[in-house]
Amino acid sequence: MTRSTVLKMFLSWCDPMNTEEYLCEQWPLLRERLQGKRLLGEDGGSLSLRIPGAQAMWFGTAIDEAPRRISWQDLKPSNGALLSHVEIYVARRDVSAITIGGGVYGRSLADFGGVLPQVFDEQARHLGRMGPAVNVARDISRSLSEGGNVVLVHGLPVCLGMTATRMALNAELFEKCAKAYVLAVASGATVKSLPWIVPYVANGRLRKDTQRATQRLQQGLLPEETKGY
């Protein structure tokens with residue numbers, strides 16, 4: 001990380017205008033990262049970053065070179081992908097970044113119940129409990145009500161993050177976990193969930209992270225990055 005990048009990050013935490021500009025500059029980098037790992041899907045992929053202190057976001061599809069600033073009040077019921085992003089931001093005040101699209105194994109999860117049980121400790125810590133798959137934007141909030149950071153919408157994985165970096169990491173983590181789970185189930189293997197104490201502790205730490213992120217966003221500030229396990 002260069003000195004100029006660190007300076008921009010610091011200024012973005014202090015000044016709302018710098019925050020908006022910083023996020024606009026980060027969007028293409030995140031898109032490139034996700035595209036490089038084939039995590040934006042072939043069709044219907046999109047990426048957004050919430051602008052703290054405003055009912056707006058930087059939004060673009062998988063094929064866009066740069067994002068558009070979208071005000072939530074300007075949306076119409078016909079704006080399908082956009083509405084999904086807004087529904088999530090309204091329902092989850094801790095979320096700063098969203099990607100829709102996923103990788104091949106994440107999308108394959110739709111053929112195996114549409115829900116990934118908590119079978120890995122890192123998954124429980126950062127992705128939380130996955131809610132049921134949905135096909136209507138208005139049902140997203142209910143599926144995410146337990147604080148999970150991933151859900152299938154119209155068969156496409158939707159990954160959330162308290163920060164842009166965390167969102168990208170969550171998308172990568174979900175695809176890795178989905179691959180292991182889908183291949184195991186497809187081969188006929190029995191997959192056991194973690195002992196109850198592991199998700200209990202991990203999900204509790206995730207809830208504390210979300211509370212801190214919510215407080216930061218309510219102050220018009222970017223959430224801090226998660227430290228450690």
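**Close-up views of a predicted model**

**View 1. Strand 1 meets strand 4.** Strand 1 (residues 46-50) and strand 4 (residues 97-100) run antiparallel and are joined by 4 bridges. Strands of a sheet pair through backbone hydrogen bonds, either parallel or antiparallel. The model shown here and in the other views is predicted.

View 2. Six strands make up an open sheet, in the order 3-2-1-4-6-5, with antiparallel pairing. Its edges are strand 3 (68-71) and strand 5 (150-153), each of which pairs on one side only. From one strand to the next, the twist averages 25°. For orientation, the protein has 8 helices and 6 strands. Along the sequence they follow the pattern α-α-β-β-β-α-β-α-α-α-β-β-α-α. Of the 229 residues in the protein, 49% are buried.

**View 3. Helix 3 and its buried residues.** Helix 3 covers residues 80-91. Its 12 residues should span 16 Å at 1.5 Å a residue, and the end C-alpha atoms are 17 Å apart, which agrees. Buried residues in this helix are Leu82, Ser84, His85, Val86, Ile88 and Tyr89. Leu83 also sits in helix 3. Leu83 is partly exposed because its relative accessible area is 21%, and the cut-off for buried is under 20%. The C-alpha atom of Leu83 is separated by 8.8 Å from that of Arg138, 55 residues apart along the chain.

View 4. Glu172 and Lys37 form a salt bridge, with their closest N and O atoms 3.2 Å apart. Glu172 lies in helix 7 (residues 164-186) and Lys37 in the loop between helix 2 and strand 1, so the pair ties together parts 135 residues apart in sequence. Glu172 is buried, at 18% relative accessible area. Lys37 is partly exposed, at 48%. The structure holds 9 salt bridges.

View 5. Glu122 forms a salt bridge with Lys176, and the closest N and O atoms are 3.8 Å apart. Glu122 belongs to helix 5 (residues 121-126) and Lys176 to helix 7, so this pair ties together parts 54 residues apart in sequence. Glu122 is partly exposed, with a relative accessible area of 37%. Lys176 counts as exposed, at 53% relative accessibility.

View 6. The side chains of Asp139 and Arg142 meet in a salt bridge, 3.2 Å from N to O. Asp139 counts as partly exposed at 21% relative accessibility. Arg142 is exposed, with a relative accessible area of 59%. Elsewhere, salt bridges that share partners join Arg33, Lys37 and Glu172 into one network.

**View 7. Two loop residues with positive phi.** Most residues other than glycine have a negative phi. Arg38 is not a glycine, yet its phi is positive, about 55°. Arg38 lies in the loop between helix 2 (16-36) and strand 1. Arg38 is exposed, with a relative accessible area of 69%. His154 is not a glycine either, and has a positive phi of about 55°. Its place is the loop between strand 5 and strand 6 (156-161). His154 is exposed, at 52% relative accessible area.

**View 8. A nonpolar surface patch.** Trp196, Ile197, Tyr200 and Val201 make a nonpolar surface patch of about 470 Å². Tyr200 is in helix 8 (residues 197-218). Tyr200 is exposed, with a relative accessible area of 55%.

Conventions: Residues are numbered from 1 along each chain as its sequence is written. This is a predicted model: local features need pLDDT of at least 70, side-chain atom pairs count only at pLDDT 80 or more; totals for chains, interfaces and linings use all residues. Side-chain values use heavy atoms; hydrogens and water are left out. The expected span of a helix is 1.5 Å times one less than its number of residues. Buried means under 20% relative accessible area, exposed over 50%, partly exposed in between (1.4 Å probe, protein chains only). Patches are made of residues with over 30% relative accessible area and no salt bridge: like charges are joined within 9 Å, nonpolar side chains (Val, Leu, Ile, Met, Phe, Trp, Tyr) within 5 Å. Accessible areas come from the Shrake-Rupley method with a 1.4 Å probe; for residues, only the protein chains shown count as cover. A salt bridge is a side-chain nitrogen of Lys or Arg within 4 Å of a carboxyl oxygen of Asp or Glu. Two strands pair if DSSP finds at least two bridges between them. Axes are lines fitted to C-alpha atoms, for helices over the stretch in contact, and angles run from 0 to 180 degrees between N-to-C directions.
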